[in-house]
Structures are given as C-alpha cells and as structure tokens.
Amino acid sequence: MLNHSKVSLESTHQGNGFNLSAAELQEIAKKLRRHVITMIATAGSGHPGGSLSAADIIAALYFNVLRHNPDDPQWPDRDRFILSKGHAAPILYAALAETGYFPVAELSTLRKLDSRLQGHADRNFTPGVEMSAGSLGMGLSFAIGIALSAKLDSKNYHTYVLLSDGECEEGQTWEAALSADQFNLDNITAIVDYNGIQLSGRISDIMNLEPFIQKWQAFGWHTIDINGHDLNKILSACQEAEKMKGKPTVIVARTIKGKGVSFMENNVAFHGKAPTLEEAERALKELE
Amino acid sequence: MIEASTRETYGKTLVELGRQNKDIVVLDADLSPSTMTNFFAREFPERFFNCGLQEQNMIAIAAGLAASGKIVFASTFAVFVVCRCFDQLRLCISQPNLNVKIVATHGGITVGEDGASHQAIEDLALCCALPSFTVIVPADATETAEAIKTVSINHGPCYVRLSRPKTPIVYPERYHFTLGEAVTMRQGTDATVIATGIMVAKALQASDILAKQGIDCRVINMHTLKPLDEPIIVKAASETGAIVVAEEHLSQGGLGSRVAQTITREKPVPMEFVNLDDSYASSGKADELLQRYGLTARDIEESVKAAVKRK
C-alpha cells in the first residue's frame with residue numbers, strides 16, 4: 001500500500017500526498033506499531049508505551065492531515081509537527097520512514113552509535129524532525145514560536161504539537177497555554193496523548209490533571225475531547241481545529257498506554273522498558 | 001571618565017537593526033523598560049513579543065521563531081534568563097544551534113540595591129558551558145553597539161551580558177569589533193591584566209597607577225569569552241611573564257578559569273585573579289559593592305604586584 005508514496009508526492013504542495021482513509025490508516029497504524037516493537041526490542045532500550053498510545057494520532061497526521069513533502073523536509077510551507085514528548089521518537093521515526101523521509105531499513109539503527117535515529121527526537125540528526133526534545137514541557141512553547149513566525153510571514157501552514165499527559169505537569173506547558181491565547185494564535189493545535197500513565201505510576205495518583213478539559217478552556221483554548229484510537233474522530237478533530245478562528249485548539253486524545261499489545265496495555269512497566277525478544281515476538285503476533 | 005549606559009545603547013541599536021532587517025524579532029519577559037527593548041517595541045510592535053513573566057516559555061518560543069528563519073533577540077535580566085532557563089537554553093537553542101541572541105542586562109553585582117536574587121554572578125560560567133554559544137561581555141557602550149551589530153549577522157546562539165548602571169567609556173571613538181579577537185588596550189612588558197566588561201576600565205586605571213610605580217602593565221579587553229582568543233593570551237604570557245584576570249563574576253568557571261586553562265596548557269606563568277569568592281553578594285550601591293567584594297582598580301593593582309613578585 002505504501003509503495004504509492006512516491007507517486008502521490010506530487011500533490012503534497014496542495015495537501016497530504018497520501019490522504020489515506022480511516023480504514024487504511026488503521027492498517028498503517030498497526031504497521032507503525034510493529035516497527036516500534038521491533039525497533040525498541042532491537043535497541044534493547046526505549047519507551048514502547050507512549051509510542052504505541054500515539055500510533056493512531058501519528059498515522060492520521062502523516063498519512064492524511066499534514067501537508068508535507070518527504071522529498072523536501074525543509075519545504076517552507078509545510079505544516080509543522082512538533083513531537084514534544086520526545087521519548088515517543090520511535091513512532092515518529094516509523095512514520096517518517098514509511099512516508100519516505102529515509103529508508104525503512106534505517107529503523108533498525110535506533111539508539112545505536114552513528115545512527116540518525118537518536119534515543120529522543122533530535123532535529124540535528126533526523127530529516128523531518130523539527131525539534132530536539134526529551135526534556136519535557138518545552139514543545140508547546142517551541143510550536144508557538146513557529147506559529148508566530150507563520151503569522152509574521154503571512155504563511156498558511158498549521159503547526160501541530162503532540163504533548164504527553166505527563167508533561168502537562170510541567171509549569172512551562174501552562175505558560176505556553178496562556179501565551180498562545182494572549183498572542184491570538186489559531187494556527188496551532190496541541191494534541192495531548194492522554195494515556196493516564198507516567199514513568200512511575202498513574203497520573204491521577206502522582207499529579208492529578210483533572211479537570212483537564214476545563215483547565216484548557218480556562219486558559220482560553222478551544223477543546224475537543226476524543227477517543228485517541230478512533231481514526232475518524234482524529235481526522236474530524238484536526239479538521240475542526242484547522243477551521244477554528246480566534247483561538248488555539250487542543251485535542252485531548254484519550255488513549256491507552258501500550259495500545260495494541262495486550263501485555264503492554266495500561267502497564268506502567270512498559271513506559272520505558274524494552275520488550276525482550278520473546279515478548280517482542282508475542283507482540284508482533286498480536287499486531288499482525 | 002565619561003559614562004554611558006550599555007543597555008540604552010542596546011535598545012537603540014536594536015531599533016537600527018530592526019529598520020535594516022525585517023527578520024529581526026525581539027522578545028522580552030516584562031522587563032522591556034529596563035532592558036530597553038521597549039524602544040524596539042515602540043517602533044516595531046508587530047515584531048515584539050512581551051512574554052510576560054514566562055522566561056522559560058520565552059526561550060523556547062525564541063527557538064521556534066529561529067527555527068522558522070527569524071533572527072531572535074531575547075532579553076531580560078541575566079539571572080532570570082540564564083539561571084532559570086538553563087535547560088531551555090541547552091536543549092532548545094544550544095544543542096540545535098539556533099539563531100537566538102540572548103542579550104541580558106543587569107549582569108554582575110553592580111545591579112546593586114536589589115541584592116543577591118538579582119545579581120548574576122554565575123551566568124558566564126553557565127553560558128560558557130553551552131556548546132555552540134558565543135559569549136560576549138562588552139567593555140562599554142561603544143563596544144556594545146558594535147557587538148550587537150556583529151552578532152545580528154553572525155549565525156548561531158550567543159549570550160551578551162550588559163550592566164544596569166552607566167559604565168565608563170573606554171572607547172571614546174568608533175572602533176571595529178571583531179568577534180573572538182581581544183583588544184590590546186595598552187602595551188606593557190611587566191605583567192598583563194586580562195579583563196572583561198566593567199573591569200576593563202578598572203584595569204586601565206590600575207595600569208596608570210602601576211606605571212607611576214615603575215610597573216609596565218599590559219591591558220587586554222577580552223570582550224569575547226567564547227570562543228576565547230588564545231593566541232593573545234599566550235603572547236601576553238610569553239612577553240610579560242605574569243597574568244591577572246579581572247571579571248565581575250564568581251571565581252569558578254568564568255574568564256579566570258578559561259584563561260587559566262590556556263595558560264597551564266600553553267605557557268605556565270604566575271597568575272592572579274580579581275573576581276568574586278565562592279559566595280553571594282548583598283544589597284548596596286554598585287560602587288560600595290565593588291569595594292566590599294574586591295573588584296576595584298586597587299584590587300587589580302595589588303594582584304598585579306603579587307603576580308610580578310612571583311615571576
């Protein structure tokens with residue numbers, strides 16, 4: 001299915017060159033999840049849980065929503081995607097490879113010396129990666145800088161930024177939330193991968209974020225609350241966000257950490273632990 | 001000596017640059033009347049962003065703007081931008097080598113009455129520890145204008161430290177600033193004072209006093225701490241045989257440490273240091289504080305004598 005990528009790139013300057021349907025995206029998301037398992041198991045370290053929870057969001061963005069051109073990662077009019085939760089780099093790398101930014105074979109080099117695929121997303125190493133991330137809470141601010149620049153240059157590109165729920169514990173995330181409203185930005189959409197789990201336990205036990213939707217609303221944001229694994233919902237939420245005028249939009253995507261692999265789902269242990277080769281085999285079977 | 005404000009010069013220079021280049025944007029964190037970025041804000045409101053009391057947010061926004069091709073100047077007090085935002089400076093600007101100019105005012109203890117919370121005495125050590133950063137401390141207002149113009153066309157991150165009070169003019173006439181090339185302010189054969197920022201004027205005073213006592217003291221203005229002009233340091237060590245480093249900064253990690261690194265490797269000679277001991281300062285008038293904490297021409301004079309004695 002993905003072999004058509006080179007053909008459809010012609011149209012990326014108008015929209016997303018892949019433009020896959022929700023049903024097709026579901027298959028792609030599964031494929032990306034398989035890459036994540038293989039990559040992290042091969043590397044022997046990494047964060048599977050938060051990559052798997054974000055797989056459907058990433059699939060929807062790269063194969064339908066974003067106007068981007070893998071042959072020209074620096075295309076000035078591209079929509080921007082900022083991965084603020086930098087530990088979910090594997091799912092981003094999988095999407096970048098499958099859309100043609102670099103060879104899929106390169107995915108097996110994750111976290112290795114001399115690899116372009118660093119442990120956390122890094123704009124110095126990887127074509128298509130916009131921001132060096134990994135210290136949480138900075139991505140929304142960075143995205144605001146990009147969105148301000150679009151306004152200054154009268155450019156129409158949209159800036160998406162994917163946050164983890166955990167990093168909404170960082171004060172800077174809320175500084176950024178205040179300022180996006182202050183600067184009247186409506187060309188930015190934050191997506192929160194709300195999987196409810198952080199490294200050492202459940203968000204609700206460690207630093208409760210609720211009432212979460214009301215917090216964003218109080219900060220002046222338009223909010224959309226969706227099931228983050230429902231591809232139709234993700235697509236329509238992005239459309240709604242891009243149409244929104246006068247205020248920034250946050251899509252709160254309710255997800256399941258480790259989604260797609262039974263023994264990783266809702267399992268705190270797999271926030272930052274690689275599966276063993278045996279576990280990876282089981283996981284890949286479930287993702288067939 | 002005639003005095004002038006480095007931060008006022010900064011504000012005016014920004015306006016000049018803003019007129020020439022539409023890609024220049026300026027960010028501040030509620031302190032624009034003090035950092036003097038308010039001149040720019042008045043003339044180019046659409047290219048000025050007051051980030052309120054959100055220094056960390058400001059630094060990452062600056063990075064995003066730079067990643068989109070803007071030349072970004074971000075200003076607030078030195079303590080707030082360097083000490084509070086070190087992680088943002090590190091991952092958003094230094095590591096990706098983005099074109100953000102951090103111009104901080106109110107560096108050092110000459111902030112005065114506001115006390116320790118407002119006195120950045122560790123900022124140079126921290127900024128020199130950031131790969132890809134250029135670190136500059138102008139000696140006066142003349143040099144400030146030239147340095148700001150230079151960094152605006154020199155791609156990459158930089159930190160420029162300015163002062164709160166007016167400071168003596170050491171360059172009464174226009175002069176050409178070259179990034180990373182220190183300036184020999186006065187020749188001398190018995191010892192060399194390598195100074196930065198407000199300590200350059202004091203080094204010149206000390207050199208006058210020492211001349212009357214028969215000590216011929218060279219004075220170097222090390223306006224760029226990083227990259228460091230190592231050849232001029234080695235030459236001074238070879239030709240004068242004694243080095244004194246003077247800075248308005250803690251003893252560890254600043255210009256003193258950096259010069260010592262070069263001296264030990266290239267040309268070991270007796271060294272003395274005029275800087276702040278390992279503690280915070282206090283409230284007081286700028287001049288009173290400089291006296292109390294040992295940053296006067298007299299302190300430099302004593303250090304030169306001590307270094308010469310050890311030759």
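A residue is called buried if 20 or more other C-beta atoms lie within 10 Å of its own, exposed if 12 or fewer do, and partly exposed in between, with C-beta atoms placed from the backbone. By that rule A:R111 counts as partly exposed, because it has 19 C-beta neighbours inside 10 Å. This is a predicted model, in which local features need pLDDT of at least 70, side-chain atom pairs count only at pLDDT 80 or more, and totals for chains, interfaces and linings use all residues. Residues are numbered from 1 along each chain as its sequence is written, while chains are lettered from A and ligands numbered from 1 in the order in which they are written.

**Confidence**

- Chain A has a mean pLDDT of 95, where pLDDT is the predictor's confidence in each residue, from 0 to 100.
- In chain A, 95% of the residues reach 70 or more.
- Over residues 1-13 of chain A, pLDDT stays under 50.
- For residues 1-13 of chain A the model has 19 contacts beyond four places in sequence, a contact being two residues whose C-beta atoms, placed from the backbone, lie within 7 Å.

**Chain A overall**

- Chain A has 11 helices and seven strands; helices (H or I, at least four residues) and strands (E, at least two) are DSSP runs, numbered from the N terminus.
- Along the principal axes, the C-alpha atoms of chain A fill a box of roughly 50 × 50 × 35 Å.
- Of the 288 residues in chain A, 55% are buried.
- Taking contacts in chain A between residues at least 6 apart in sequence, 75% join residues at least 24 apart.

**Chain B overall**

- Chain B has 13 helices and 14 strands.
- For the 311 residues of chain B, a compact globule would have a radius of gyration near 19 Å, and the value of 19 Å for chain B agrees.
- The C-alpha box of chain B is roughly 60 × 40 × 35 Å along the principal axes, and buried residues make up 60% of the chain.
- Of the contacts in chain B with a separation of 6 or more, 79% are between residues 24 or more positions apart.

**Domains of chain B**

- Chain B is divided into domain 1 (3-168) and domain 2 (183-309), with bounds that come from an automatic or database domain assignment.
- The centres of the two domains, taken over C-alpha atoms, are separated by 25 Å.
- Contact between them takes 27 residues from domain 1 and 29 residues from domain 2 of chain B.
- On the domain 1 side, helix 7 (123-128), strand 6 (134-136), helix 8 (141-153) and strand 8 (167-168) of chain B each give two or more residues.
- That side of domain 1 has 15 nonpolar, eight polar and four charged residues; Ala, Val, Leu, Ile, Met, Phe, Trp, Tyr, Cys and Pro count as nonpolar, Asp, Glu, Lys and Arg as charged, and the others, Gly among them, as polar.

**Contact between the chains**

- The contact takes 21 residues from chain B and 19 residues from chain A.
- Helix 4 (55-67) and helix 6 (86-94) of chain B each supply at least two residues of the chain B side.
- Helix 4 of chain B gives the largest share of that side, nine residues.
- By class, the chain B side has 11 nonpolar, seven polar and three charged residues.

**Core and buried positions**

- The largest nonpolar core has 200 residues; such a core is a set of buried Ala, Val, Leu, Ile, Met, Phe, Trp, Tyr and Cys residues joined through C-beta atoms within 7 Å.
- Among the residues with the most contacts inside this core are A:A59, B:A62 and B:V193.
- Beyond four places in sequence, A:A59 is in contact with A:L25, A:I28, A:A29, A:L32 and A:A95.
- B:L204, in helix 9 (residues 199-212) of chain B, is buried because 22 other C-beta atoms lie within 10 Å.
- Beyond four places in sequence, B:L204 is in contact with B:V170, B:M185, B:R186 and B:V219.

**Backbone geometry**

- Most residues other than glycine have a negative phi, and most peptide bonds are trans.
- A:R111, not a glycine, has a positive phi of about 70° and sits in the loop between helix 5 (89-99) and helix 6 (139-152) of chain A.
- A:N19, not a glycine, has a positive phi of about 50° and is in the loop between helix 1 (5-8) and helix 2 (22-43) of chain A.
- A cis peptide bond joins A:E210 and A:P211, with omega about -5°.
- Another cis peptide bond joins B:K226 and B:P227, with omega about 0°.

Conventions:
The radius of gyration is taken over C-alpha atoms; the globule rule is 2.2 Å times the number of residues to the power 0.38.
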